[in-house]
Every structure is written in structure tokens, then in C-alpha cells.
Amino acid sequence: MRVGIIGIGMTAFRPSTPEYNWKELMFEAASRAYADAAINPREDVDSFITCAEDYYEGFGIFDEFVPDQLGAALRPTCTVSGDGLQGLANACMQIQTGLVDVAVVEAHSKASDVVTLDGVIEHALDPIWNKPLGAHPFVVAGLEADAYLRATRTTPKALAAVVAKNRRNGLRNPLAAYGAAVDADQAMRSEERFAPLRALDISNPADGCVVLVLASDRAAKKLHSNPVWIRGIGWASDSPSLETRDWTGATYARIAADMAYRLAKVRRPATDIDFAEVDDRFSYKELQHLEALGLAKKGEAGTRVVRGDYGADGRFPVNVSGGSLGCGNVFEATGLHRAAEVALQLRGDAGVRQLDGVRAGVAQSWRFIPSATGAVAVLGAGP
Amino acid sequence: MTARISRWPGIELRAADLIEGKVTQTRFRPDAKYAWSAGEAMSRFLEELQNGRFIARTCHKCERILFPPRMFCEECFRPTDEWTFIQDTGTIETFSVSYLDTDAKRIVEPILVGVVSLDGASPKMGMMHYFGEMTKEEIRIGMRVKAEWKPPGDRRGSVLDIRYFRPLRED
Amino acid sequence: MIGAGMTLFRRRLQETGKEMCFEATKMALDSAGLTRADVDMVVCGTAPDAFDGVAMKGEYLLDGSGGYRKPCTRVFTGGGTGVFSTIAGWWHVASGLADVVLVVNEEKMSSCQPHPQSVFANIWDPILDRPLKPNLVWIFAMEMNRYMTVYGVKKEDIARVAVKNKRNAVGHPCAQLADPNITVDDVLNSEVMAWPVQRLDISPPSDGASAVILASEDFIRKRRIKDRAWISGVGWCIDSTMWTDRDLVFPEYVARAAKHAYKMAKIDAPRRQIDFAEPYDPFDYKELHHLEGLLLADKGEAPVLTREGVTERDGKLPVCPSGGLLGVGNPIAATMGMKIGELFWQLTGQAGKRQIPHEVHTGVSQAWGDLMQYGSVVVMKG
């Protein structure tokens with residue numbers, strides 16, 4: 001039994017959304033998704049999943065504040081404390097049990113409501129081994145970037161190329177918060193923050209909400225939908241301890257990709273897949289993830305991005321949406337946004353950003369600092 | 001229990017073990033502060049509280065008057081239609097007589113708190129608040145009450161602009 | 001379900017969250033004769049991160065839960081997590097994607113200083129409720145009052161639940177609050193916290209972890225596993241956030257979740273077909289409230305059944321034979337050990353001193369959570 005995406009709804013991503021509370025933001029994205037899917041959530045949906053972390057929201061049990069604005073009052077609903085793609089994986093599994101025909105997955109960021117964002121991120125560090133060091137949590141990214149660059153002999157120029165590509169791609173995405181005509185030189189000269197990472201290597205937070213509607217193929221047919229198929233999905237966690245994890249290769253992404261490719265029957269990802277949306281919340285992550293996903297050989301991604309292979313008009317477009325660098329860091333909604341972008345491309349609905357003749361795409365996300373967790377989805381155009 | 005399980009893990013500690021430093025421990029105070037945008041519905045709600053009024057939203061589809069107000073009806077899943085004022089009188093739906101404050105500390109003078117359903121809104125639409133000018137012997141479910149507002153100059157746009165709900169006296 | 005394990009439940013344990021997870025997980029694996037290599041996926045259930053003092057707590061706990069380099073999912077539905085994580089584990093297997101899934105639930109409430117109570121200040125709406133500085137006990141007191149007033153329930157009958165469960169817990173090796181001698185008078189004479197709630201009506205905070213192992217039919221057949229109980233029905237439901245707009249007298253969200261679970265389990269007459277129940281009992285009146293929500297008693301009838309001894313361990317419908325939260329302890333999500341674990345141990349005849357004296361084939365377990373909002377239900381058959 002196949003599972004497909006039959007509805008996509010997103011609000012614009014913006015640095016802040018003072019006129020909305022989080023409920024109203026979610027209501028907008030949900031309304032768009034249900035209009036896109038042509039469904040009534042009160043009657044047609046069997047399960048609702050929200051992807052949220054209490055500390056990003058500021059509530060002791062965020063689950064409580066979710067149902068009304070999704071149409072989920074007195075309906076089966078749950079919170080997956082994970083990235084949007086992990087939520088997607090759970091919705092797929094629910095549908096594959098046969099118990100659920102139509103499922104809704106939601107994730108959002110209202111980072112502008114968080115006054116001490118760095119403090120909240122720091123709070124996820126190990127209380128015994130790491131917190132006492134009092135270092136800014138992004139030091140973890142700096143360390144990993146350093147290890148990755150040295151292990152793969154990737155140059156800082158490659159990081160700058162990622163930044164320029166994704167910020168410029170953002171200019172062609174109406175929902176991007178940080179589209180800008182940044183060039184590689186600018187990126188290389190921006191202020192050093194967590195060496196080797198510079199200011200422009202780090203995506204800025206944004207508010208935004210993404211809602212996807214999933215259906216079994218039987219339900220999609222009944223609703224006369226034209227689904228984008230979720231051909232495969234995988235997720236995995238490397239060691240949560242900084243002291244015992246792989247620092248160079250994004251192992252979590254490799255394991256997740258192995259599972260997703262196996263289910264999608266993708267044997268040669270570099271040729272079977274046409275484009276990708278991967279996590280680039282720190283510029284080096286885009287390259288590290290491409291290699292972990294088998295979409296570039298180890299150490300090669302840096303050379304290829306400089307060469308232009310990953311540009312919108314390149315041989316293998318990566319993050320044509322603008323990625324997180326261009327659209328903004330929407331925290332737990334990141335993976336869901338990537339899946340939405342891949343789906344829009346496969347449906348032919350990507351407007352100015354539309355890639356020609358794409359049939360299969362990969363969406364990947366990482367669960368951000370300090371985790372070593374991530375998920376991968378392989379999506380395919382119908383029928 | 002089962003013969004297979006002979007050992008039940010867990011080493012119990014007493015509060016004194018922590019206080020007297022008998023166990024290795026690490027302390028941390030998270031820096032987690034938030035300032036939530038109130039959003040459209042709650043902003044107007046708070047504004048009207050400062051004016052000494054309760055405001056609700058209507059949904060013409062299910063014909064309910066929703067309080068606290070919201071920009072979408074959770075039953076019909078559609079945007080709500082209009083603003084409408086409701087009364088500041090109501091009925092006690094339930095209550096508690098609390099000898100605990102927010103930090104679970106014991107207090108001598110109990111707090112009377114509960115839910116009031118408000119006149120003019122759909123049945124059962126209510127809010128939580130304190131009760132005053134009544135004793136713990138007098139308070140009962142079904143009692144008719146009225147909001148006791150702070151003077152206009154003291155109102156800030158908060159549910160605390162109401163001091164408490166007090167017995168409704170028929171004039 | 002082919003294995004289960006849990007740690008002691010105590011007000012404070014020395015073990016870290018990771019260590020508690022490890023102990024429970026290892027115990028569950030040992031009990032089923034499996035190792036970590038047999039496990040395909042891990043589901044973690046754990047409630048507010050603020051207790052343990054680590055944000056993204058699911059990440060932090062996953063290595064202790066056997067999740068290293070495996071697909072891990074954390075679900076969190078407030079207090080409903082105690083049963084809901086098993087439902088999530090169920091769909092991991094029933095989807096066909098996994099043969100063996102570990103479900104590990106943990107809570108370390110003692111890390112929160114000065115008292116875990118203060119975390120509950122953050123579950124309320126910031127504009128409508130928080131300015132009133134509400135204490136968590138208030139909302140239970142309000143619900144309890146409504147229930148008592150509408151049905152004319154006496155406190156004595158509610159107190160009987162606390163007595164029954166704390167006495168049942170004497171047979172539970174992990175119990176924090178077992179008391180063989182407690183009486184109804186003890187409960188009625190305990191200090192009033194927020195009337196009508198008194199101290200012995202409540203289960204206090206605890207540290208603890210529990211784990212269960214779920215496996216596919218294929219796996220169970222191939223490995224010839226004898227001690228197993230089947231998940232035959234699952235259901236879950238959340239009610240509107242606006243709790244002040246709802247009549248708290250009946251947990252509609254529990255009833256809807258139960259109906260889904262019963263339908264899936266092909267149960268159309270729950271009062272006849274359910275042999276025993278583990279409803280969520282963080283407060284004594286909640287057991288009654290939830291029995292009615294589970295459609296095992298008519299509205300207002302649960303106190304009568306209790307008074308008549310129907311819900312005693314040797315009664316016609318044993319309820320909380322484990323000793324429940326009132327007797328064993330309340331480390332929120334880790335209560336899976338009594339809600340789900342107990343079903344497994346009873347149905348496989350492994351409940352030792354707590355074993356129900358007559359044959360049982362079908363049990364129902366239920367957890368509750370959020371702002372008087374969440375119901376998760378699992379039906380298991382032997």
C-alpha cells in the first residue's frame with residue numbers, strides 16, 4: 001500500500017510574526033493545506049500529528065495547545081517530539097497499518113516568541129558533561145565543521161559557495177525570509193563566529209508553519225487527488241553524546257538514507273534521484289549531508305558546489321528552495337518544509353523555481369544542535 | 001513477580017543526601033524566557049478587559065458565541081465571523097477551596113477558585129478565576145456571580161483586571 | 001508484547017535518566033531472551049523535558065534506551081504518554097516496517113528543584129490562566145468537585161479507590177506508596193490540599209523507567225516465544241484546548257479513544273468482554289471518572305461498583321490490580337509499567353502476588369493527560 005502527499009499548506013517564513021499567535025499561524029497553514037487537498041479536517045482526517053518541542057514553544061506540555069487550530073478537537077492527535085520528517089515517518093506508518101486513511105502532519109516555528117533562543121538550545125546539552133563548560137551551543141557546529149573540512153579536505157570557498165547559492169535561491173521563493181544577493185566573497189569575509197563558521201554560514205531563525213496532508217492510495221483515489229508518492233522513508237540517531245559520536249560523516253543521515261533508499265528501491269541514488277532538499281542550517285551541513293546520502297562521493301561535494309553542479313540550473317539542483325540559509329531556520333518545521341518543496345517540484349507547482357522533468361527527489365533533515373538525529377524521505381511523481 | 005526477574009533496579013536517595021552533598025551532583029539554571037505574541041483574538045480580548053468588558057467571537061455556522069474569543073471555530077474549522085460583547089455575570093460551574101499556592105506551599109487563608117460560565121456566551125463557555133466576598137461554606141456550584149472589576153486606572157489589559165467574581169446581588 | 005521491565009519507583013533515585021532507561025530496557029530484553037541486536041526500532045515516551053532538566057530529552061535518553069544508530073521516535077502526549085507510547089510502538093510494527101520494537105518510558109522528576117510541582121506552572125495558557133498563578137491540584141479539584149456534585153458521589157467512595165490501590169500495591173516489587181493498613185478514614189483525615197482533594201487522594205512525583213518489547217506475529221512464531229500478549233485494539237483522542245468551555249463531569253476524549261480501541265478489538269459489549277482494567281489513577285476519583293469514560297460503568301456508577309467490591313483484585317472486574325499510580329508511584333510516562341506492563345504480566349500469568357485469582361483473557365489500559373484533554377487506550381488479549 002502506498003502513501004502519498006495530497007495537500008500542502010505553508011505560511012510565509014518571516015523573521016517575526018507579531019500579529020499572529022502560534023495558534024493563528026497554524027490555522028493559516030492548515031487552512032491552506034486542507035484547501036489544497038480539498039478536504040474537511042472535521043470529517044476526512046483520521047489522525048493528526050504535530051512535531052514540537054516544549055522548550056521551543058515555552059510550554060510544559062505543548063500538546064495541549066494544538067488541536068483546535070488544526071481541526072483536531074476530539075480527534076486522534078499526538079505529538080512527535082521530533083523534526084517534521086520524523087512526524088511524516090510516523091504518519092506513513094499509521095497509514096500503513098490500515099487503521100488510518102488520511103493523516104495530517106504539522107510543524108512550525110515561532111522562534112520570535114523565544115527571547116533566549118541560545119539558552120533554549122543550550123538546555124539540550126548533556127547536563128553532566130557539557131553544560132558545565134558554559135560554551136555557546138553552536139560551538140558544537142564549529143567543532144563538527146572543522147572536523148568535516150579537514151577529513152574531506154573541503155575548502156572554506158565551498159562553504160561560501162553554499163551560502164551564496166542558497167541565499168540567492170531564496171530570492172526566487174516567495175516564502176523565503178532571507179533571500180538576498182549574497183556572493184561568495186561576502187560570505188568568506190563575514191565575521192568569524194564559531195571558527196571555521198562565519199556569520200553568513202549560519203541560518204537565521206524564522207517563524208513559519210507547514211502542514212502536509214497524507215493519504216493511502218485508496219483514500220487518495222476516493223478524493224480524486226493526484227498524490228506525490230512517499231516512496232521511501234528512513235530515520236536514525238547516532239550517539240547523543242558528543243564524546244562518542246561520528247564527527248565527520250553525519251552517520252545518522254547515512255543510516256536514514258539506507259533505509260529510505262531500500263524502501264524506495266533506489267539502488268544508485270546519484271542517478272536515480274533528480275534533485276535534493278537537504279539540511280543546510282550551517283553551510284557545511286549541506287555538503288556533509290550530500291555525501292552521507294550518497295549523492296556525492298566523500299570529499300567531493302565541496303568541489304562540486306564550487307563548480308556549480310548544485311545550482312538551480314546545475315546538474316543536480318540542491319536546495320533550490322533556498323534551504324534554511326535562504327528561507328530561515330524554522331526549527332522542527334525544517335524537514336517538513338523540505339518535503340513540501342520536493343513535493344511542489346514533483347507536482348509542477350514550484351512557480352519560478354520549477355525544475356524541468358524531475359521525477360524523484362530527496363528531502364532530508366537533521367534535528368539540529370546538539371542532536372545526531374535525522375530523517376530522509378524519497379518522493380516520487382505520480383501516477 | 002515472575003521468577004525470571006529477581007532484581008528490581010533503583011537506588012533510593014533521600015532529600016538530605018542531596019542537601020548534604022552525599023551524592024555527586026551538578027546544577028544548572030536554564031535560560032528560557034518567552035514573550036508570546038498574543039495574536040489577534042487575545043489582543044482584542046485583553047484590550048476589552050482594560051475597558052471593563054468581555055468580548056467574544058461568533059460562528060454563524062454552528063451558531064455559537066465563543067468565549068474566550070478565537071479567530072477560528074474549532075468545531076466547524078472556519079474563521080469566526082464577528083466580535084460581540086457578552087455580560088460580566090455568570091454561573092459557577094465548578095470550584096475548589098485551595099490551601100496551596102502555586103509553588104505547592106501551604107497557606108492558611110484558602111483561595112477560592114473555579115470556572116464561571118458567562119451570560120451571553122454559548123452554554124458552558126467560561127473562564128477560570130478567583131471568587132471573593134463569599135466564604136468557603138457559601139460557595140456552591142450553580143451560584144450566580146458577577147465580575148468585580150478593578151478601577152479603570154488600575155486595569156492593565158489582563159485577566160487580573162477582574163479582582164474576583166462575587167455573588168450577584170439582585171438589585 | 002513479549003517482554004517488560006521496570007525500575008523501582010521512588011521520590012528520588014540516584015540513577016540518571018539514561019541509566020534508568022538502560023535498567024528497564026535491559027530487564028525487558030532479558031525477560032524476552034533478546035539482545036539489542038534483535039531490536040529494529042525504538043520508541044521513547046517521556047513527559048515534560050523540564051523535569052529532567054534537559055531540552056530535547058528524547059535525544060538525551062535514546063542511548064540508554066538502546067537506540068544507538070537505530071531509528072528512534074519520541075512521542076509525548078502529556079500524561080497520556082504512559083499508554084500512548086505503546087500505541088506508537090504498535091504502529092511501528094503493524095506498519096510492516098519493523099519486527100521488533102522497544103518502547104521505553106522514563107521520568108526523572110526529582111531533578112527539578114525546588115519541587116517538580118513548579119513545572120506545572122508552565123502547562124497553563126499564558127494569558128487566560130497563568131496570571132492567576134494556578135496550582136496543578138486546582139484543576140483536579142475542580143474536576144473532582146464537578147463529578148461529585150453532578151452524581152452526588154461521597155468522598156468515602158472515592159477514598160475507597162486510594163485504599164484499594166495502595167493495598168494492591170503491596171504485591172508490587174517497585175511500589176513507592178504501598179500500604180497494607182491504610183483505611184478510608186486515613187484518607188478522609190489527611191490534610192486538605194485544594195478541597196475536595198486531600199493529600200492521600202493524590203499520587204506524588206516519582207523517578208522511574210519502564211520498557212516493553214513489541215514483536216510481529218512472524219517473529220514470535222519463528223522464535224517460538226511462549227510468553228506473549230496481543231495488542232488487539234488501540235485508540236487515542238485529544239479534546240479542545242479550551243478546558244473552561246467543557247463540562248468536566250465526563251471524559252468524552254477517553255470514551256472516543258475507548259470506542260476506537262474496542263471497535264478494533266471487536267469488542268461491542270465492554271462490560272462483559274473486558275476482564276480487568278488499568279485506568280489512569282493519578283488521583284483516586286480519576287479511576288472512577290475513567291472507568292465511566294472507558295464505558296465499563298454507567299455515568300455515576302463507578303463509585304457504586306467500587307463500594308460493592310466489584311473492582312477489587314478478586315472482584316468481577318479487577319481495576320488497577322497493579323496498585324496503580326496511587327500505590328506504585330507516578331513518574332508520568334514511566335507509569336507504562338503499571339498500565340501496559342501489568343496487562344502483560346497478568347495475561348501471561350507472571351504477576352506473582354498480584355495475579356488475579358480467576359482467569360483473565362482481555363484487559364484494557366488507559367492513560368490521561370494534558371489539560372483534562374487526552375485519552376489513550378490499549379486493549380490486550382492473552
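A contact here means heavy atoms within 4.5 Å. This is a predicted model, where local features need pLDDT of at least 70, side-chain atom pairs count only at pLDDT 80 or more, and totals for chains, interfaces and linings use all residues. Residues are numbered from 1 along each chain as its sequence is written, chains are lettered from A and ligands numbered from 1 in the order in which they are written, and side-chain values use heavy atoms, with hydrogens and water left out.

**View 1. A:Val114 and its neighbours.** Look for A:Val114 in the loop between strand S4 (102-110) and helix H5 (117-122) of chain A; helices (H or I, at least four residues) and strands (E, at least two) are DSSP runs, numbered from the N terminus. Leaving aside residues up to four places away in sequence, A:Val114 touches A:Tyr56 and A:Val120, plus B:Lys33 and B:Tyr34. A:Val114 counts as buried because its relative accessibility is 7%. (Buried is under 20% relative accessible area, exposed over 50% and partly exposed in between, with a 1.4 Å probe and protein chains only.) A:Gly58 sits 56 residues away from A:Val114 in sequence, yet their C-alpha atoms are 7.5 Å apart.

**View 2. Strand S1 of chain B, covered on both faces.** Six of the six residues of S1(B), residues 54-59, are buried, so the strand is largely enclosed by the rest of the structure. In a regular strand, side chains alternate between the two faces of the sheet. On one side of S1(B) you'll find B:Phe54, B:Ala56 and B:Thr58, on the other B:Ile55, B:Arg57 and B:Cys59, and all are buried.

**View 3. The partners of S1(B).** Strands pair if DSSP finds at least two bridges between them. S1(B) pairs with strand S5 (residues 82-86) of chain B in the antiparallel sense, over five bridges; there, B:Arg57 has B:Trp83 as its bridge partner. Strand S2 (residues 64-66) of chain B also runs antiparallel to S1(B), with three bridges joining them, and B:Cys59 is bridged to B:Arg64.

**View 4. The hairpin turn.** Four residues lie between S1(B) and S2(B), which form a hairpin. In the turn, B:Glu63 has a positive phi of about 60 degrees.

**View 5. Stepping back to chain A.** Chain A has 15 helices and eleven strands, and 70% of its 383 residues count as buried. Its C-alpha trace spans about 55 × 45 × 40 Å along the principal axes. Among contacts in chain A with a separation of 6 or more, 77% come from residues 24 or more positions apart.
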